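Work through the following exercises with the sequence and the model side by side. Each task is followed by a solution in steps.

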Amino acid sequence: MSSPDISGILDQSKELDRLRKDQEDILLEINKMHKKLQSTPEVVEKPGDTSLSRLKMLYIQAKELSESEVAVSSQLLSQLDALIPSGPPGQQRRRMEGNEQKKKRMKADPDVPRLSPSLRNHLDHLASLKGEQVAARVTQEDADKDEWFIVKVIHFDRETREFEVLDEEPGDDEEPAGQRKYKLPMSHIIPFPKRNDPSTAQDFPPGKHVLAVYPGTTALYKATVVNTRKRKTDDYVLEFDDDEEDGSLPQRHVPFHKVVTLPEGHRQ
């Protein structure tokens with residue numbers, strides 16, 4: 001067995017580990033959506049709700065990852081079969097030739113699973129966010145609390161499904177150069193509604209918990225919607241958690257395009 005053969009097997013094994021980790025992340029998101037729909041099934045009837053579309057997209061991603069796992073596993077088996085002697089040389093040669101023919105057919109066969117149109121459109125949308133400001137969770141999964149900031153998208157990698165973003169206004173204790181870059185997974189990014197297109201914003205009812213930009217900062221915190229807006233372009237009136245002044249929570253006005261859905265399991 002040559003070093004290149006071993007290297008190829010190790011590379012495929014790493015890819016298999018990455019796919020399985022991505023599947024675990026997607027399944028976790030799917031389970032969260034299931035719990036949400038089980039506890040509040042009426043949410044899908046509200047105008048502008050995207051729960052079902054989000055769930056469909058998660059299932060599409062899960063299917064694509066499963067198909068990729070099968071393809072990588074098949075390639076690993078073929079590589080191992082080619083390196084493990086079994087039976088007369090003629091049988092081994094025929095098996096290797098058969099595997100090569102199978103690979104050629106897979107490359108030429110138009111029915112081999114590829115990115116679905118829905119997933120491709122979703123990835124196109126994420127790639128189109130380049131240069132836009134988005135909400136980003138910059139803390140790791142095992143952090144005690146979630147920290148969300150406004151960042152600028154520099155690049156979206158379709159292969160790794162990761163964003164490269166720039167925090168243009170970090171705190172005083174951050175990078176001396178005044179800016180800081182992060183590489184974040186898709187699940188850590190929430191696009192803002194478009195300032196010039198109020199139809200892209202959800203209409204959150206009074207009492208709804210949201211994630212919003214605290215006035216005068218570039219940080220987002222959990223808040224509660226206080227009253228109903230008359231127009232889609234009106235500011236939200238919010239009460240931020242832990243914002244107590246003189247024994248009460250002050251009501252603060254936040255533009256509609258700086259308010260997004262509070263992620264499931266948010267910690268603060």
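**Exercise 1.** Decide whether E132 is buried, partly exposed or exposed, and list its contacts.

Solution. Step 1: the relative accessible area of E132 is 37%. Buried means under 20% relative accessible area, exposed over 50%, and partly exposed in between (1.4 Å probe, protein chains only), so E132 is partly exposed. Step 2: E132 belongs to the loop between α4 and β1; helices (H or I, at least four residues) and strands (E, at least two) are DSSP runs, numbered from the N terminus. Step 3: leaving aside neighbours within four places in sequence, E132 is in contact (heavy atoms within 4.5 Å) with V151, K152 and V153.

The model is predicted: local features need pLDDT of at least 70, side-chain atom pairs count only at pLDDT 80 or more, and totals for chains, interfaces and linings use all residues. Residues are numbered from 1 along each chain as its sequence is written, and side-chain values use heavy atoms, with hydrogens and water left out.

**Exercise 2.** Find which residues of the largest nonpolar core touch the most other members.

Solution. Step 1: a nonpolar core is a set of buried Ala, Val, Leu, Ile, Met, Phe, Trp, Tyr and Cys residues joined through side-chain atoms within 4.5 Å. Step 2: the largest such core has 18 residues, and L126, F163, V165 and I189 touch the most other members. Step 3: the elements giving two or more residues to this core include α2 (51-83), α4 (117-127) and β3 (162-167). Step 4: beyond four places in sequence, F163 touches residues including L126, V153, Y182 and I189.

**Exercise 3.** Is H188 buried or exposed, and which side chain does it join in a polar contact?

Solution. Step 1: H188 has 4% relative accessibility, so it counts as buried. Step 2: H188 is in the loop between β4 and β5 (189-191). Step 3: its side chain makes a polar contact of 2.8 Å with that of R137. A polar contact is a pair of N or O atoms within 3.5 Å; within protein, one must be able to donate a hydrogen and the other to accept it, and residues adjacent in sequence count only if both atoms are side-chain atoms.

**Exercise 4.** Classify the ring pair of F204 and Y236.

Solution. Step 1: rings of Phe, Tyr and Trp (its six-membered ring) pair if their centres lie within 6.5 Å; planes under 30 degrees apart count as stacked, over 60 as edge-to-face and the rest as tilted. Step 2: four aromatic pairs are counted. Step 3: the ring centres of F204 and Y236 are 5.9 Å apart and the planes are at 50 degrees, so this pair is tilted. Step 4: F204 and Y236 are both buried.
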